[in-house]
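Okay, thanks for coming, everyone.

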Amino acid sequence: MTMPPVNDLSTARLPTDVVGLLEGLCTTRAIRRYSDEPVPPAILRAIVFAATRAPSGSNRQPFRFLVLTDGPKAAEAKALIGRAARGIWSTKAQRDGYARGSGAVADSPKARMARSMQRYVDEFERVPVVVLPCLVRYREPHVTEGASIYPACQNLLLAARALGFGGAITGFQTLVETELRQLLDIPEAVALAATITLGRPEGSHGQVRRRPLNELVYEESWGQPASFAVDPPGTRHTAAGPPTAS
Ligand SMILES: Cc1cc2nc3c(=O)[nH]c(=O)nc-3n(C[C@H](O)[C@H](O)[C@H](O)COP(=O)(O)O)c2cc1C
């Protein structure tokens with residue numbers, strides 16, 4: 001989709017979705033390969049607007065989004081996070097045996113995943129936009145506090161999908177949190193919830209793959225299949241995920 005240049009965002013309406021809500025939701029996959037095209041301000045505005053429309057406890061809106069594009073601090077932060085990403089992936093690739101078994105077969109899903117991850121982390125500094133979703137803490141850390149930031153993260157990813165862009169949510173910031181706080185002046189009372197990368201996808205969007213619906217949805221009591229939990233025709237599944245209900 002080509003966006004007309006928008007000079008005055010205060011009068012410009014939001015851009016039109018390229019996809020309906022349900023279809024977009026079912027095709028919002030983790031996008032890790034981006035073209036070098038910058039994300040236009042009108043698109044970024046729409047994405048963060050959608051993110052900040054998310055629900056939060058008592059509508060407190062404790063979410064904040066630190067957006068890193070092409071400024072000098074953005075470059076430094078991307079370099080820091082890129083270093084962390086490469087460390088995290090290298091450890092995971094070894095620990096989970098990405099080069100073993102079917103991973104040794106060049107065209108297997110495992111090998112393709114490993115190549116895509118390797119490229120993602122190797123080229124991290126070139127990601128057009130990195131967003132750090134943050135949570136302004138207003139009480140002692142609690143197991144439910146993520147519920148006031150992660151819906152906003154998903155809105156952000158859905159909005160990117162709605163406009164022909166794409167992203168991935170990661171935990172790469174965890175390894176360099178102290179350095180990021182210092183570089184970006186992030187107060188102690190603010191939690192860094194994730195690292196989200198955004199850009200124009202190099203490939204195309206596709207259906208997300210999950211376990212069959214009847215493994216994930218119960219009715220009446222734990223483990224009881226729900227009569228309505230039937231995947232629509234053409235649903236693609238994955239073997240990844242939780243153990244099957246027994
Ligand atoms: C809490 C959370 C943490 C994640 N961490 C990472 C990560 O560190 N690196 C990464 O590349 N993807 C990460 N992802 C993306 C998942 O790998 C991805 O959503 C999942 O494999 C399903 O793939 P799909 O979104 O393409 O359907 C994370 C997703 C979530 C929700």
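So, H3 and H4: which way do they run relative to each other, parallel or antiparallel? They pack at an angle of about 155 degrees, and anything over 145 counts as roughly antiparallel, so that is what H3 and H4 are. Keep in mind that this is a predicted model. For orientation, H3 covers residues 72–95 and H4 covers residues 109–122, and their axes are 9 Å apart. The crossing of H3 past H4 is left-handed.

Who is doing the touching here? On the H3 side you'll find Gly-82, Ala-85, Arg-86, Trp-89 and Ala-93, and on the H4 side Ala-114, Met-117, Gln-118 and Val-121. Sort the residues of that contact by class and you get 6 nonpolar, 2 polar and 1 charged.

Now stay on H3, but look at another partner, H6, which is residues 177–184. The angle between H3 and H6 is about 175 degrees, and the axes are 10 Å apart. So H3 and H6 are roughly antiparallel to each other as well. From H3, the contact uses Lys-73, Glu-76, Ala-77 and Leu-80. H6 brings Glu-179, Leu-180, Leu-183 and Leu-184. By class, that contact of H3 with H6 has 5 nonpolar and 3 charged residues, with no polar ones.

Next up is H2, residues 41–51. Which of its residues are buried? They are Ile-43, Leu-44, Ala-46, Ile-47, Ala-50 and Ala-51. What do the buried residues of H2 pack against? Strand E1 (63–68), strand E2 (129–136) and helix H5 (150–162).

Let's zoom in on that last partner. The axes of H2 and H5 come within 7 Å and cross at roughly 145 degrees. H2 passes H5 in a right-handed crossing. The H2 side of the contact is Ala-46, Ile-47, Ala-50 and Ala-51. Over on H5, it's Ala-152, Asn-155, Leu-156, Leu-158, Ala-159 and Ala-160. Count the classes in the contact of H2 with H5, and you have 9 nonpolar, 1 polar and no charged residues.

Okay, on to the loops. Most residues other than glycine have a negative phi. Gln-61 isn't a glycine, yet its phi is positive, about 50 degrees. You'll find Gln-61 in the loop between H2 and E1. It has 14 C-beta neighbours inside 10 Å, so Gln-61 counts as partly exposed.

Asp-185 is another residue to look at: its phi is near 60 degrees, again a positive value in a residue other than glycine. Asp-185 sits in the loop between H6 and strand E4 (190–192). Is it buried or exposed? With 8 other C-beta atoms within 10 Å, Asp-185 is exposed.

Last one: Asp-70, in the loop between E1 and H3. It has 10 other C-beta atoms within 10 Å, so Asp-70 is exposed. How far is Asp-70 from Val-127, in sequence and in space? The two are 57 residues apart in sequence, and 9.9 Å apart from C-alpha to C-alpha.

That's my tour, so over to you.

How values were computed. Residues are numbered from 1 along each chain as its sequence is written. This is a predicted model: local features need pLDDT of at least 70, side-chain atom pairs count only at pLDDT 80 or more; totals for chains, interfaces and linings use all residues. Axes are lines fitted to C-alpha atoms, for helices over the stretch in contact, and angles run from 0 to 180 degrees between N-to-C directions. Helices (H or I, at least four residues) and strands (E, at least two) are DSSP runs, numbered from the N terminus. Angles under 35 degrees count as roughly parallel, over 145 as roughly antiparallel, 65 to 115 as roughly perpendicular and the rest as oblique. A crossing is left-handed if the near helix is turned anticlockwise from the far one by less than a right angle, and right-handed if clockwise. Two residues are in contact if their C-beta atoms, placed from the backbone, lie within 7 Å. Ala, Val, Leu, Ile, Met, Phe, Trp, Tyr, Cys and Pro count as nonpolar, Asp, Glu, Lys and Arg as charged, and the others, Gly among them, as polar. A residue is buried if 20 or more other C-beta atoms lie within 10 Å of its own, exposed if 12 or fewer, and partly exposed in between; C-beta atoms are placed from the backbone.
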